[in-house]
Amino acid sequence: MDVKHVLRKELRNQAKLHTLDDFMQEDKLSCDALLQSHAYKTADRVFAFMPLASEVNIKEILEHCIADKHLALPVCNEDTSLSFYEVKHLDALSLGRHGILAPETTQVAVPTEKDILIVPALAYTRTGDRLGRGKGYYDRYLSTYPTILSIGMCRTYQLLQSIPTEAWDIRVSKVLCAGVFY
Ligand SMILES: Nc1nc2c(c(=O)[nH]1)N(C=O)[C@@H](CNc1ccc(C(=O)N[C@@H](CCC(=O)O)C(=O)O)cc1)CN2
Ligand SMILES: Nc1ncnc2c1ncn2[C@@H]1O[C@H](COP(=O)(O)OP(=O)(O)OP(=O)(O)O)[C@@H](O)[C@H]1O
């Protein structure tokens with residue numbers, strides 16, 4: 001079996017060994033660290049994601065962005081590309097592809113150097129290698145906007161020594177885990 005496939009399965013099994021309470025403290029550390037970072041403070045807009053149970057709960061960050069800056073969230077397109085749209089209220093989202101809450105598709109937001117992108121994953125290494133959900137959505141997006149500052153966020157059990165990578169895999173600029181930037 002494909003190595004990435006096996007690793008995804010292992011991480012999903014590990015997630016099942018925990019309850020959400022187990023992560024409250026480290027998720028809070030990571031949200032605080034992001035909100036206090038120079039990257040966040042100087043960003044115009046934050047391109048983020050609606051967290052799933054197995055991802056760092058960044059809802060506090062999403063609320064901050066709506067209040068203080070501009071927030072954009074992704075929509076999965078049929079051709080497995082991603083598009084981001086500005087979101088003014090989290091209750092204006094509706095269920096999209098893969099069962100993830102997604103914004104209304106009004107005017108597409110295109111990231112510039114003044115923006116930051118927070119990237120979800122099943123796992124990261126400290127050097128920014130990433131294991132995603134296997135559809136290549138973020139690899140395509142990151143390859144389209146290679147100069148955007150990208151911050152991968154993960155939990156302690158998702159921070160690995162190494163991740164098998166392929167030619168198209170794109171590293172994130174920084175990784176934030178349990179309140180520590182790498
Ligand atoms: N919170 C969050 N939003 C995100 C991502 C993510 O990783 N996290 N994505 C990052 O790419 C995109 C969605 N990518 C996805 C890729 C594959 C599957 C998937 O295969 N899920 C189930 C099957 C359910 C289904 O596809 O409907 C599975 O794991 O078997 C889900 C989402 C965009 N939004
Ligand atoms: N820039 C790209 N252009 C075209 N296809 C790509 C690109 N990047 C990745 N792909 C394709 O996407 C598929 C999934 O790649 P991979 O397993 O690395 O996804 P992932 O990084 O785990 O997932 P995701 O980015 O959705 O979270 C691969 O079959 C690959 O060929």
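## Largest pocket

Helix H1 (3-16), strand S2 (70-76), strand S5 (101-102), strand S9 (130-131) and helix H5 (137-144) each contribute at least two residues to the lining of the largest pocket in this predicted model. Helices (H or I, at least four residues) and strands (E, at least two) are DSSP runs, numbered from the N terminus. Of the 33 lining residues, Arg130, Arg133, Lys135, Tyr137 and Tyr138 lie nearest the centre of the largest pocket.

The largest pocket holds about 650 Å³ of space; a volume is the space filled by probe spheres set on grid points, which are joined across faces, edges and corners. On a 1 Å grid over the protein atoms alone, a pocket is an open set of points where a 1.4 Å probe fits, with protein on both sides within 12 Å along at least five of seven lines, and lining residues have an atom within 4 Å of a point. By class, its lining comprises 17 nonpolar, 5 polar and 11 charged residues (Ala, Val, Leu, Ile, Met, Phe, Trp, Tyr, Cys and Pro count as nonpolar, Asp, Glu, Lys and Arg as charged, and the others, Gly among them, as polar).

## Second largest pocket

The second largest pocket has a volume of about 220 Å³. Its lining has 14 residues, with Leu20, Met24, Asp27, Asn57 and Arg155 closest to the centre.

Helix H2 (21-36) and helix H4 (59-68) each supply at least two lining residues of the second largest pocket, and H2 gives the largest share, 5 residues. The lining of this pocket divides into 7 nonpolar, 1 polar and 6 charged residues.

## Packing of H2 and H4

The axes of H2 and H4, lines fitted to C-alpha atoms over the stretch in contact, come within 9 Å and cross at roughly 30 degrees. H2 is therefore roughly parallel to H4, a term for angles under 35 degrees, where angles run from 0 to 180 degrees between N-to-C directions.

Lys28, Cys31, Asp32, Leu34 and Leu35 in H2 meet Glu60, Ile61 and His64 in H4, contact meaning heavy atoms within 4.5 Å.

## Confidence and conventions

The protein chain averages a pLDDT (the predictor's confidence in each residue, from 0 to 100) of 96, and 99% of the residues score at least 70. The complex receives an ipTM of 0.93 and a pTM of 0.96 from the predictor.

Residues are numbered from 1 along each chain as its sequence is written, while chains are lettered from A and ligands numbered from 1 in the order in which they are written. In this predicted model, local features need pLDDT of at least 70, side-chain atom pairs count only at pLDDT 80 or more, and totals for chains, interfaces and linings use all residues; side-chain values use heavy atoms, with hydrogens and water left out.

Conventions
Angles under 35 degrees count as roughly parallel, over 145 as roughly antiparallel, 65 to 115 as roughly perpendicular and the rest as oblique.
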